[in-house]
Amino acid sequence: MTNMKKALAVAAAAISALGLAATLAAQPSTAPEGAKVYIVSPQHGDTVGTNVTVVFGLSNMGVAPAGIAMPNTGHHHLLINKEELPAAGQPMGADVTHFGLGQTQTSVTLEPGQHTLQLVLGDHLHIPHSPPVMSEKITITVE
Ligand SMILES: [Cu+2]
């Protein structure tokens, strides 16, 4: 192969790799079968004080910090008193709490009354997986 042909072949390979990367980036990250996110604590129906430690659980997937693209991983997002779920295929915004360092628990201060908590896993771009990996929404009472 001449040098020119070699250069063209390398360029063609680079272009097709870029095209593939662009195609992959447009796809939501997939979640494996059996992936499950759940709230370990508190439990649905619990009565708690105003300072609440929320412990996140995840099975059949791994936790990775935001920005790190690894298959079958994501980071947690906590939804407090949210009626609607995050839109599919779009990064979650500031209306949910991101745990982009890979945290698996947090402490929140809540007013007395009833509150709902729900977790949604997001990929390296904060986009819910396909299919979405989200916990059941639990209700707690704060006294
Ligand atoms: Cu996020």
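The structure is a predicted model, in which local features need pLDDT of at least 70, side-chain atom pairs count only at pLDDT 80 or more, and totals for chains, interfaces and linings use all residues. Residues are numbered from 1 along each chain as its sequence is written.

The protein contains one helix and nine strands. Helices (H or I, at least four residues) and strands (E, at least two) are DSSP runs, numbered from the N terminus. Along the sequence these elements follow the pattern α-β-β-β-β-β-β-β-β-β. Of the 143 residues, 22% count as buried. The term buried applies if 20 or more other C-beta atoms lie within 10 Å of a residue's own, exposed applies if 12 or fewer do, and partly exposed covers the cases in between, with C-beta atoms placed from the backbone. Contacts are also defined on C-beta atoms placed from the backbone, two residues being in contact if these atoms lie within 7 Å. Among contacts between residues at least 6 apart in sequence, 69% join residues at least 24 apart.

The strand pairing comes next. In general, strands of a sheet pair through backbone hydrogen bonds, either parallel or antiparallel. Here, two strands count as paired if DSSP finds at least two bridges between them. Strand E5, residues 73-80, is mostly covered, since seven of its eight residues are buried. E5 pairs with strand E4 (residues 62-63) in the parallel sense over two bridges, and Thr 73 in E5 is the bridge partner of Gly 62. With strand E8 (residues 113-122), E5 runs antiparallel, and six bridges join the two; one of the bridge pairs places Ile 80 with Leu 117 in E8. E5 and strand E6 (residues 97-98) are also antiparallel, joined by two bridges, and His 77 stands opposite His 98 in E6.

An open sheet of three strands has the order E1-E3-E7, with antiparallel pairing. Its edge strands are E1 (36-41) and E7 (105-109), each of which pairs on one side only. Neighbouring strands of this sheet are turned by 30° against each other on average, direction ignored; axes are lines fitted to C-alpha atoms, for helices over the stretch in contact, and angles run from 0 to 180 degrees between N-to-C directions. Between E1 and E3 (residues 51-59), the antiparallel pairing extends over five bridges, with Val 55 in E3 as the bridge partner of Ser 41.

Which residues have the most contacts inside the largest nonpolar core? They are Val 37, Ile 39, Val 54, Phe 56, Leu 78, Leu 117 and Leu 119, in a core of 15 residues. E1, E3, E5 and E8 each supply at least two residues of this core, and its largest share, four residues, comes from E8. A nonpolar core is here a set of buried Ala, Val, Leu, Ile, Met, Phe, Trp, Tyr and Cys residues joined through C-beta atoms within 7 Å. In soluble globular proteins, nonpolar side chains tend to be buried together. Leaving aside neighbours within four places in sequence, Val 37 is in contact with Gly 57, Leu 58, Leu 119, Leu 121, Val 133, Met 134 and Ser 135.

Most residues other than glycine have a negative phi, and most peptide bonds are trans. The peptide bond from Ser 41 to Pro 42 is cis, with omega near 0°, and Pro 42 lies in the loop between E1 and strand E2 (47-48). A cis bond also links Ser 130 to Pro 131, with omega near -5°; Pro 131 belongs to the loop between E8 and E9.

Asn 60, in the loop between E3 and E4, has a positive phi near 65°. Asn 60 counts as partly exposed because 13 other C-beta atoms lie within 10 Å. Asn 81, in the loop between E5 and E6, has a positive phi near 55°. Asn 81 is likewise partly exposed, because 13 other C-beta atoms lie within 10 Å.

Leu 125 is placed in the loop between E8 and strand E9 (138-142). Leu 125 counts as partly exposed because it has 14 C-beta neighbours inside 10 Å. The C-alpha atoms of Leu 125 and Gly 74 are separated by 9.1 Å, although these residues are 51 residues apart along the chain.
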